Amino acid sequence: MTIHPLAAPLSAPARPELTGGRRVGILLSHGFTGQPASVKPWGEHLASLGYAVEVPRLPGHGTTWQEMNATRWEDWYGELARVFDGLCLENDVVVVGGLSMGGALALRLAADHPDRVSGVVVVNPAVATRRLDVKLLPVLQHVLPSMPGIVDDIAKPGVTEHGYPRTPLRAARSMFRAWPELVATLPRITAPLLYLRSSVDHVVDDLSEPLITERVSSTDVRVVRLEDSYHVATLDHDAPRIFEESADFLARVSTR
């Protein structure tokens, strides 16, 4: 198995001398068919401010789409949960976040562990879709191994997320099947939520935002519009704003 040279996980320890004496950690997840490179700059910025940062490589990602087709939602969530447990052991406060499917996985962590998650930061998360072809996946996955990919929806010229050029259908089917249960657990989320949403997104449609923001039990929900980026906003024109908003959010929720 060959791993993409940019797909190595990011792990940075807390520097409490920069964060008011508290050890504050954040777990960031990349999205479906992506890899750590899509969120590493985000994580590196937060690490420079003294936060402990973990950006894992989800199983089946950063290698080949064929390998990913042998992995499922449970595998991706299991890896995040493992890293989350480690962060909780080493830090006083832990926040979870992610891009696209990574945001959905972070929301599920927050729903499963409301007592241990102090905040949630998501960028263009997906928990539902209006796409009609998704309804055909139960049949298509047995006929076609993959379809054209959904990577590099980025407004900034010359930028790539280094994702897969093909979408593995069996893996995709497992993600779509996990969404209804995830949506059902959203009311269990009580932590503050920072929701960053691109005004133009060619991957995730407008169905997910109200499902998330109206169903969580969080009393602290902030929605930020990203006007100059597409789906992979963490690498796009609005990346500096994502970094700044996230840093402000971390500083606020870690002092509660």
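**Entry 1: salt bridges**

I began with Arg-116, which forms a salt bridge with Asp-85; the closest N and O atoms are 3.0 Å apart. Arg-116 sits in the loop between H4 and E5 and Asp-85 in helix H3 (residues 73–90), so this pair ties together parts 31 residues apart in sequence. My rule for a salt bridge was a side-chain nitrogen of Lys or Arg within 4 Å of a carboxyl oxygen of Asp or Glu. I was working with a predicted model, where local features need pLDDT of at least 70 and side-chain atom pairs count only at pLDDT 80 or more, while totals for chains, interfaces and linings use all residues. Residues are numbered from 1 along each chain as its sequence is written, and side-chain values use heavy atoms, with hydrogens and water left out.

By the salt-bridge rule I count 11 salt bridges. I took helices (H or I, at least four residues) and strands (E, at least two) as DSSP runs, numbered from the N terminus.

Next I checked exposure. I called a residue buried under 20% relative accessible area, exposed over 50% and partly exposed in between (1.4 Å probe, protein chains only). Arg-116 is partly exposed at 29%. Asp-85 is partly exposed too, at 34%.

Then I looked up Arg-108, which forms a salt bridge with Glu-181, closest N and O atoms 3.4 Å apart. Arg-108 lies in helix H4 and Glu-181 in helix H6 (residues 169–185), so the pair ties together parts 73 residues apart in sequence. Arg-108 counts as buried, at 13% relative accessibility.

Asp-220 and Arg-252 also meet through their side chains in a salt bridge (2.5 Å, N to O). Asp-220 is in the loop between H7 and E9 and Arg-252 is in helix H8, so this pair ties together parts 32 residues apart in sequence. Asp-220 counts as buried at 17%. Arg-252 is partly exposed at 35%. I also found one network, in which salt bridges with shared partners join Arg-108, Asp-112, Glu-181 and Arg-188.

**Entry 2: helix H4**

How enclosed is H4 by the rest of the structure? I found 11 of its 12 residues buried, so H4 is largely enclosed. Among the buried ones are Met-101, Gly-102, Gly-103, Leu-105 and Arg-108. I compared its length with the expected span, 1.5 Å times one less than the number of residues. H4 (residues 101–112) reaches 17 Å from first C-alpha to last, close to the 16 Å expected.

**Entry 3: helix H8**

The 15 residues of H8 (residues 239–253) should span 21 Å, and the end C-alpha atoms are 21 Å apart, which agrees. Its buried residues include Ile-242, Phe-243, Phe-249, Leu-250 and Val-253. I used contact as heavy atoms within 4.5 Å. The buried residues of H8 pack against helix H1 (40–48) and several strands, including E5 (119–123), E8 (193–198) and E9 (221–226).

**Entry 4: strand E8**

Six of the six residues of E8 are buried. Leu-193, Tyr-195 and Arg-197 point one way, and Leu-194, Leu-196 and Ser-198 the other. I counted two strands as paired if DSSP finds at least two bridges between them. E5 and E8 run parallel, joined by four bridges. Val-121 stands opposite Leu-194 there. E8 and E9 pair in the parallel sense over six bridges. Leu-196 stands opposite Val-224 in E9.
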